[in-house]
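Here is a brisk report on one part of a protein model. Have the sequence and the structure open as you read.

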Amino acid sequence: MNARSSRSHEAAATRAANSPLVRDFGLLIRSATRIEQRIDSEVRQECGISHTMLEVLIRLCRQSGEEVSQRQLADDLTLTSSGTTRLVDRMEEAGLVRRVPSPGDRRVALVEPTEEGRKVFVRAAAVHARVVEECFVKPLAADDYARLTRALGEIDRALRSDGG
């Protein structure tokens, strides 16, 4: 490759790296990551669980009496099956959840919160809400927040309809 071709590729790479689409998507990812890190830090400090464990408890506490398999948890949390198994193992050891056999299929393990898991969840949900309010809601005007959440919902629907 000659020097002129190399400079041309360098300029093209610089333009691509500084494109508005790359910048805007990067801003979304950085903001979401920073909020998630803040939630994780404060939930760990105040409740002794990770943000991912909180997400499991949110899913398990959403509907009383609902049967949730590890496979459903993996799908809902976009984790691998083995990652979900390890997470549920840690949560079971901590007394937050228990596995019970599915009445319809004894090969399937259902996961349910324990009484301790529900207590920890209520405390962690309050921490989560406080951080979300401070970092996600409060920095925006009410109209901007409503537009943002509508737009995120539209993006989510479009991705789900794509099979993505």
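Buried means under 20% relative accessible area, exposed over 50%, and partly exposed in between, with a 1.4 Å probe and protein chains only. Helices (H or I, at least four residues) and strands (E, at least two) are DSSP runs, numbered from the N terminus.

## Basis

This is a predicted model: local features need pLDDT of at least 70, side-chain atom pairs count only at pLDDT 80 or more, and totals for chains, interfaces and linings use all residues. Residues are numbered from 1 along each chain as its sequence is written, and side-chain values use heavy atoms, leaving out hydrogens and water.

## Helix 2

Helix 2 covers residues 20-47 and has 28 residues. The expected span is 1.5 Å times one less than the number of residues. That gives 40 Å, and the end C-alpha atoms are 40 Å apart, which agrees.

Its buried residues are Gly-26, Ile-35, Ile-39, Asp-40, Glu-42, Val-43 and Cys-47. Their cover includes helix 3 (51-61) and helix 6 (115-137). Contact means heavy atoms within 4.5 Å.

Ser-50 lies in the loop between helix 2 and helix 3. Ser-50 counts as buried because its relative accessibility is 10%. Beyond its neighbours within four places in sequence, Ser-50 is in contact with Asp-40, Val-43 and Arg-44.

## Helix 3 against helix 5

Helix 3 packs with helix 5 (residues 81-93) at an angle of about 85°, their axes 11 Å apart. Helix 3 is therefore roughly perpendicular to helix 5. Axes are lines fitted to C-alpha atoms, for helices over the stretch in contact, and angles run from 0 to 180 degrees between N-to-C directions. Roughly perpendicular covers 65 to 115 degrees.

Thr-52, Met-53, Val-56 and Leu-57 of helix 3 meet Leu-87, Arg-90 and Met-91 of helix 5.

Key:
Parallel < 35°, antiparallel > 145°, perpendicular 65-115°, else oblique.
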